[in-house]
Amino acid sequence: MSILQVKNLVHKYITVGDSEEDKQEVTAIDDIDISVEKGEFIAILGKNGSGKSSLAKHINGLLMPTEGAVYVKGMDTRDKRNLLNIRQNAGIVFQNPDNQIVGTIVEEDVAFGPENMGMPVEDIWDRVTSALEGVGMTAYKEASPNHLSGGQKQRIAIAGIMAMEPECIILDEPTAMLDPKGRRHVLSLVKALNREKKITMLMVTHHMEEVLLADRIIVMDHGRIAMDGTPKEVFSKVDEMKQLGLEVPYAAELAWQLRQEGVPLSETITTREELVEELCQFV
Amino acid sequence: MSIRLEHVDYIYEDNSNQKNYALKDVNLEINPGEFIGIAGHTGSGKSTLIQHFNGLMQPTNGNVYFDGKNIYENDFDLRGLRGKVGICFQYPEHQLFEVTILDDVCFGPMNFGKTREEAEIIAKKALLDVGMSEEMLQKSPFELSGGQKRRVAIAGILAMEPEYFILDEPTAGLDPVGRGQILNLLKRLHETKKMTIIFVSHSMEDVASYVQRMIVMNHGEVLFDGDKREVFSHQKELEEVGLSVPFYRYLAEDLNQRGFTVSKDILTMEEAKEAILKVLRKKR
Amino acid sequence: MLKDITIGQYYKTDSMIHRLDPRVKLFGTLVYVVTLFLHKSPVSYVMSLLFLIAVIGISKVPVKFIVRGLKAVAVILVFSVGINIFFIPGEPLVKIGVLRISRAGIKTAVYLGSRLIMLVLGTSLLTFTTTPNELTDGLDKSLGFFNKIKIPVHEIAMMMSIALRFIPILTEELDKIMKAQTARGIDFESGGLLKRMKSMVPIIVPLFVAAVRRANDLALAMESRCYHGGQGRTKMKPLIYETRDFIAYLILLVFLAAMIYLGFFSPWR
């Protein structure tokens with residue numbers, strides 16, 4: 001059975017302006033169907049305002065469907081009694097690490113989730129220890145989050161979710177506020193958690209190079225799913241991606257440019273190695 | 001005519017009263033009409049450096065000169081300097097405060113002595129320059145998307161009509177469309193208005209495509225300062241301090257290693273494309 | 001100047017004071033503050049000062065760091081001391097124009113000044129040696145009886161702890177906002193009071209917007225981490241009294257008794 005199921009999901013909200021006439025109904029998500037298998041690593045791509053963040057919040061029960069439904073391990077997010085169980089199974093990591101760290105000491109922050117779940121003291125300590133170990137931040141367990149770098153803070157935020165031992169983690173642009181070094185650390189961590197602990201990952205992003213880590217890409221546009229496939233499938237459609245206002249990885253872009261000039265390169269090129277390999281066959 | 005830093009140190013004390021150098025013996029000269037990129041990892045002193053250009057931060061040791069005058073002499077008009085050297089910081093949320101977008105952009109020019117009427121004309125032009133449409137001008141800046149806020153913030157500095165325009169990571173967190181809009185705007189300002197542009201960026205590809213001169217900071221010191229091609233030729237040193245060279249330079253290196261001979265000095269996609277096509281045409 | 005605000009910050013050292021149960025420290029701070037207002041003679045001031053010095057010494061928090069916190073309240077201090085010096089009536093010692101300084105005025109001003117300084121130092125010591133989380137837990141547990149009269153102690157304590165966590169973040173943000181607006185030529189110095197107050201608007205609005213945005217984000221993040229109030233919540237570090245805590249209580253009671261004696265019954269009143 002799929003771990004996540006999004007069925008005919010529609011989300012509308014009303015913006016209120018200065019007067020009655022300014023009231024507008026906005027459709028953030030427009031009839032989406034997704035089903036995610038356990039252990040998958042999915043990247044959700046899309047421009048700002050394409051509905052990708054709203055989708056992420058539905059899976060965690062932070063937003064409720066206007067129409068349709070979302071199921072996490074078969075539990076309907078609309079049923080309030082399921083919420084705690086859903087949130088424990090599908091944790092969410094947000095963009096700004098400062099705004100999601102509750103504790104003033106690293107280990108106390110990581111404990112926040114398990115404390116809310118009402119776990120016994122010893123189990124909390126076990127989970128905090130192994131979560132901090134998992135993200136490689138054990139050395140900082142007694143530090144104040146304010147003294148950490150952006151990348152380190154984001155790893156603490158991930159540890160806070162890991163401590164609830166979820167089966168699925170949703171990451172809402174987790175690297176948008178980080179520098180290249182912080183980004184690399186967070187991404188390799190996400191990748192490792194997916195590979196080694198078999199945690200299902202759903203990562204919202206607009207960095208093309210990050211997307212290559214995923215097994216599957218869902219491209220969103222105006223609240224709808226515009227594309228759904230492997231990185232190779234998605235990035236071979238350079239024209240379509242450009243129309244959606246998105247980029248493709250540098251190698252795919254250059255290969256596309258060369259194809260336009262008549263160089264017979266295959267459409268599946270996404271990495272530098274692949275591009276070099278094919279070009280070298282011409283000499 | 002220039003901004004000149006001479007032996008600038010900026011020292012701060014941390015909680016344990018230890019002295020730290022945010023800048024250490026920095027010597028730089030920024031000349032009018034340049035297009036400069038500043039790179040360096042977090043904590044390398046980039047932000048501290050740009051705040052010395054308009055006197056927002058005062059050096060612990062050393063001097064800053066604007067057009068040959070020491071900006072910390074008593075009779076120097078420091079506030080006036082800030083009109084000539086405009087800095088746009090990374091987070092537009094830190095500067096937007098007015099009820100309408102137009103009012104907000106008028107704030108800068110009016111602080112520098114423009115009347116409301118004059119300011120409105122300049123502000124409208126600046127907003128159109130950054131790609132905001134006429135009907136947006138009366139909207140609240142708080143209703144905008146992240147990319148739009150960034151553009152309004154840039155217009156807010158642009159409307160001060162600075163001679164030097166400095167931007168701290170102007171494209172961070174934007175989607176590709178928003179990023180392209182801002183970088184192309186900078187290019188246009190540099191080409192048509194002869195404005196001096198300095199921008200801080202983490203993206204080596206962006207720096208390589210747009211700037212002429214590149215300054216690399218590391219641990220508060222200037223590691224490299226010069227023509228971008230010259231700076232990017234120090235691949236090993238850049239990697240050692242946690243930076244990289246543009247994707248296309250790595251590609252050129254890989255190609256050369258495999259006997260596909262192209263110039264090693266390739267920085268942008270256009271250059272890569274031309275070089276590869278040239279080799280392929282010769283083969284045919 | 002902003003970095004001088006040390007109030008509400010935690011200073012990590014490995015000391016006996018740090019290890020004490022937060023309930024003891026809360027009680028101790030209460031006792032200390034109450035006794036400050038019992039003072040009537042120099043002897044009790046010296047007693048309080050000695051007590052304070054002893055606690056600072058044991059806490060291992062650098063004196064420099066503690067004193068820095070005073071800078072933030074310097075204005076209030078100078079203002080209230082000044083008012084007392086000049087406006088307490090009595091036989092004038094010095095005359096400067098219309099201003100007179102009397103012996104009684106100096107005495108009151110010195111008492112008030114030292115009381116204020118000791119108050120700030122003593123209370124800031126609580127936050128230097130206690131993490132906001134411990135503070136919250138301490139309040140939560142020792143004020144639990146308020147729950148019976150429908151006062152949401154847990155929620156209030158949680159709010160307080162979050163406020164403490166965000167103070168450094170927001171002061172940093174304030175600093176950045178001030179720089180961004182200074183770069184846009186904002187003029188703080190010239191003009192009358194009204195104009196100067198108006199020049200604060202470009203600072204206050206972005207700060208307020210930022211605080212609301214952060215609060216909103218944090219609420220979502222807490223909710224997504226299963227937060228649902230204090231009900232059914234357990235603790236990673238539950239509060240359990242140890243021998244040292246009882247000893248500390250005893251010392252505090254002795255101190256309180258001594259101060260009451262000095263304040264009401266001793267010959268040096």
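**Figure 1. Helices and strands of chain B in a predicted model.** Chain B holds 11 helices and 10 strands; here helices (H or I, at least four residues) and strands (E, at least two) are DSSP runs, numbered from the N terminus. This is a predicted model, in which local features need pLDDT of at least 70, side-chain atom pairs count only at pLDDT 80 or more, and totals for chains, interfaces and linings use all residues. Residues are numbered from 1 along each chain as its sequence is written, chains are lettered from A and ligands numbered from 1 in the order in which they are written, and side-chain values use heavy atoms, with hydrogens and water left out. The C-alpha trace of chain B spans about 65 × 50 × 40 Å along its principal axes. Of the 284 residues in chain B, 58% count as buried, where buried means under 20% relative accessible area, exposed over 50%, and partly exposed in between (1.4 Å probe, protein chains only).

Figure 2. Helix 1 covers residues 46-53, and because 7 of its 8 residues are buried, it is largely enclosed by the rest of the structure. The buried residues are B:K46, B:T48, B:L49, B:I50, B:Q51, B:H52 and B:F53. Look just after helix 1 to find B:G55, which takes a positive phi of about 75 degrees.

**Figure 3. B:R213 and its surroundings.** You can find B:R213 in strand 9 (residues 213-218) of chain B. B:R213 counts as buried because its relative accessibility is 12%. Its side chain reaches the backbone oxygen of B:E29 at 2.8 Å and also makes a polar contact with the side chain of B:D225 (2.8 Å). A polar contact is a pair of N or O atoms within 3.5 Å; within protein, one must be able to donate a hydrogen and the other to accept it, and residues adjacent in sequence count only if both atoms are side-chain atoms. Not counting residues up to four places away in sequence, B:R213 touches several residues, including B:L28, B:I30, B:F35 and B:K228; contact means heavy atoms within 4.5 Å.

Figure 4. With 0% relative accessibility, B:V207 counts as buried. Setting aside residues up to four places away in sequence, B:V207 touches B:F199, B:S201, B:M214, B:K228 and B:F232. The C-alpha atoms of B:V207 and B:I36 are separated by 8.4 Å, although the two residues are 171 residues apart along the chain.

**Figure 5. Two loop residues with a positive phi.** Most residues other than glycine have a negative phi. B:H219 has a positive phi of about 45 degrees although it is not a glycine. B:H219 lies in the loop between strand 9 and strand 10 (221-227) of chain B, and is exposed, with a relative accessible area of 56%. A:E173, also not a glycine, has a positive phi of about 45 degrees. The loop holding A:E173 runs between strand 7 (168-172) and helix 7 (180-197) of chain A. At 9% relative accessibility, A:E173 counts as buried.

**Figure 6. C:S80 in helix 5 of chain C.** C:S80 sits in helix 5 (residues 74-87) of chain C and counts as buried at 17% relative accessibility. The side chain of C:S80 reaches the backbone oxygen of C:I76 at 2.8 Å. Leaving aside neighbours within four places in sequence, C:S80 is in contact with C:L112 and C:L116.
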